[in-house]
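Dear colleague,

Please read the notes with the structure open.

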2 protein chains.
Amino acid sequence: MPTALRVREVGPRDGLQPEAPLAVRDRLELIGALAGAGLHDIEAVAFVSPRAVPAMADAAEVVAGLPGGGVTWWALVPNVKGAALAAAAGVDHLTVTVSVSETYSMRNVGMTTAESMEAALTIAAAAPTVDVVLSCAFGSPYEGEIAPDAVARLAERCRDAGASVTLADTTGVATPRRIADVLDLVGDQIGLHLHDTRGTALVNAYAAMERGVSRFDTAVGGLGGSPFAAGAGGNLATEDLVHLCDDLGVTTGVDLDALLDASALVARLVGRAVPSRVAAAGPRSRLAGSDG
Amino acid sequence: MPTALRVREVGPRDGLQPEAPLAVRDRLELIGALAGAGLHDIEAVAFVSPRAVPAMADAAEVVAGLPGGGVTWWALVPNVKGAALAAAAGVDHLTVTVSVSETYSMRNVGMTTAESMEAALTIAAAAPTVDVVLSCAFGSPYEGEIAPDAVARLAERCRDAGASVTLADTTGVATPRRIADVLDLVGDQIGLHLHDTRGTALVNAYAAMERGVSRFDTAVGGLGGSPFAAGAGGNLATEDLVHLCDDLGVTTGVDLDALLDASALVARLVGRAVPSRVAAAGPRSRLAGSDG
């Protein structure tokens, strides 16, 4: 079990992308609340087509309004054009998605996995910091099983190109055993991006932590999911992971009470309760007489 | 990690007790579906006051209609009178709840923990098989922390009296660390009865399995919760645990597809979607090309 995690908050991007568009000032208020809660890595925007993903419009305007204070700001870019827009806006930490599932890749970005990987490596060659997110790494809604060695081969190419790797359970089909099967080949120097479609996100995170994984993507409230993957389900909720880590004595740097305020804010902004059960029930640290 | 679990289905009791009362024939249809799915231990009824818990009325009538076929039928009894009613109905496997939380005990049954334990031991002395369920074993909504050695002392008294012990996380405040703290003192020869109030039921079950626990209470659909404990949250869903175990290669004896049919039945009976996310999203074994 690691002593500390590096949590990348993806709520302003993955969390909001399937929602009705919010005003830039509301997105910035949310981002400020998350930074204020102690999140040091935040995926704030995506440089994607506003026609395809209306909620991600005005990325440059959001970037221009980001607060200072030592946060590493990330932007998702789908292609070389998006990387150029991110560079122009001054973002130098990029996430690029490559789907291990051929069918998912064709449906989502109209490219084969090999073509998508070439595009990612082109971006990695030019940008200062690129994290390649390998989607459907634990299974595909179209092909079912994904061979762990296919994941490992793609991960190796990313690393050879100087990029870091995050494995995404895009549609929530991972289990502790699948996590183990993949980590056995890929190692623990990866990030995990988990979705809770089948209620397994937290147990998957725990099993991965036991194997030494210390880098996670999470979204405040447990919002999110691809607008292009039906039934993707929300992300692992940031507050659920922090709640668990606080009790395990694993440092995240996040203040859970401040984070729950940010969770309440995003619930107001999207106009409904968020999926996180810690947000709904309150953390165990609020029990009378609790030691925290 | 155990190779097999003994799963006690408590849906017909804990799952239905906070719901509007169902007809006896509907309760029996549900019980039959659960038995048909391979659940070999089923808590079918509670011999409690029908004024206090209307959904648990007509216990003797339900017992009279139970199917044959090698299932161990359990009944919850709150006191000696309930134990007598269970015996008269022909049920010889009893669960008796004793709350480790003094305040919870006083509010729930009007007895101190010591008085409640005396009543349980009186029942254990007379009935063939008694499982004492120690509620609030990982924390109390009123007192917060519960000392693990208080749990251990009560567990020892139960075992000395020939009863088995189940530890209940009545309001969903357990975490893997709390589980470990208690199991360090109580050992792994206990059952666990987990609630998912804070989304931690499955990770708690996994952490307990890693420590050798092989006996679990679950409720189909993840329904349930004490009608006397506000915000108790539903039980660990049977299908969520079976889904995890199937993938881990841990035997439960339960057919997940048949169980999901029972889950769909209980959703129809209570008139709304159940909390289980596996029930909502379908198991990963239904992915195209899955190996199961």
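**A buried asparagine in chain A**

A:Asn204 is a residue of helix α9 of chain A, and I begin there, with the caution that everything which follows rests on a predicted model. Is A:Asn204 buried or exposed? Since 20 or more C-beta atoms within 10 Å make a residue buried, and A:Asn204 has 28 C-beta neighbours inside 10 Å, A:Asn204 counts as buried. Leaving aside residues up to four places away in sequence, A:Asn204 touches A:Asp169, A:Ala174, A:Thr175, A:Pro176, A:Ile179 and A:Leu194. A:Ala180 lies 24 residues from A:Asn204 in sequence, while the C-alpha atoms of the two are 9.6 Å apart in space.

**How the two chains meet**

The contact between the chains draws 36 residues from chain A and 36 residues from chain B. On the side of chain A that touches chain B, at least two residues each are supplied by α8 (176–186), α9 (201–210), α10 (238–248) and α12 (277–281) of chain A, and the largest share, five residues, comes from α10(A). By type, the residues on that side of chain A divide into 14 nonpolar, twelve polar and ten charged.

Chain A is superposed on chain B by a rotation of 180° with 0.0 Å of shift along its axis, at an RMSD of 0.0 Å, and the two copies are thus related as by a two-fold rotation axis. Which residue of chain A comes closest to the rotation axis? That residue is A:Val203, whose C-alpha lies at 2.2 Å from the axis. Because 100% of the interface residues of chain A are also interface residues in chain B, the copies meet through the same surface.

In chain A, helix α2 (residues 24–36) has 13 residues and reaches 18 Å from its first C-alpha to its last, close to the 18 Å expected at 1.5 Å a residue. The buried residues of α2(A) are A:Arg27, A:Leu28, A:Leu30, A:Ile31, A:Leu34 and A:Ala35; seen down the axis of α2(A), they fall within an arc of 160°, so they line one face of the helix. Among the elements that cover these buried residues are β1 (6–9), α1 (11–15), β2 (41–46), α3 (59–64) and α11 (256–270) of chain A. Just after α2(A), A:Gly38 takes a positive phi of about 105°.

In chain B, helix α6 (residues 113–126) has 14 residues and spans 20 Å from its first C-alpha to its last, close to the 20 Å expected at 1.5 Å a residue. Here the buried residues are B:Thr113, B:Ser116, B:Met117, B:Ala119, B:Ala120, B:Ile123 and B:Ala124, and they cover an arc of only 160° around the axis, which puts them on the same side of α6(B). The face of α6(B) turned away from this buried side carries the exposed residues B:Ala114, B:Ala125 and B:Ala126. What covers the buried residues of α6(B) includes α4 (80–89), β4 (93–99), α5 (102–109), β5 (129–135) and α7 (148–160) of chain B.

**Confidence of the prediction**

Chain A has an average pLDDT of 94, with 96% of the residues scoring at least 70, and for the complex the predictor gives an ipTM of 0.94 and a pTM of 0.95.

With kind regards

Definitions and conventions
Residues numbered from 1 in each chain as written. Chains lettered and ligands numbered in written order. Predicted model: local features only at pLDDT ≥ 70, side-chain atom pairs only at ≥ 80, totals over all residues. Contact = placed C-beta atoms within 7 Å. Helix = DSSP H or I, 4+ residues; strand = E, 2+ residues; numbered from the N terminus. Nonpolar A, V, L, I, M, F, W, Y, C, P; charged D, E, K, R; others polar. Least-squares fit on C-alpha atoms with pLDDT ≥ 70 in both. pLDDT = per-residue confidence, 0-100. Expected span 1.5 Å × (residues − 1). Buried ≥ 20, exposed ≤ 12 C-beta atoms within 10 Å, placed from the backbone. Arc of directions from axis to C-beta.
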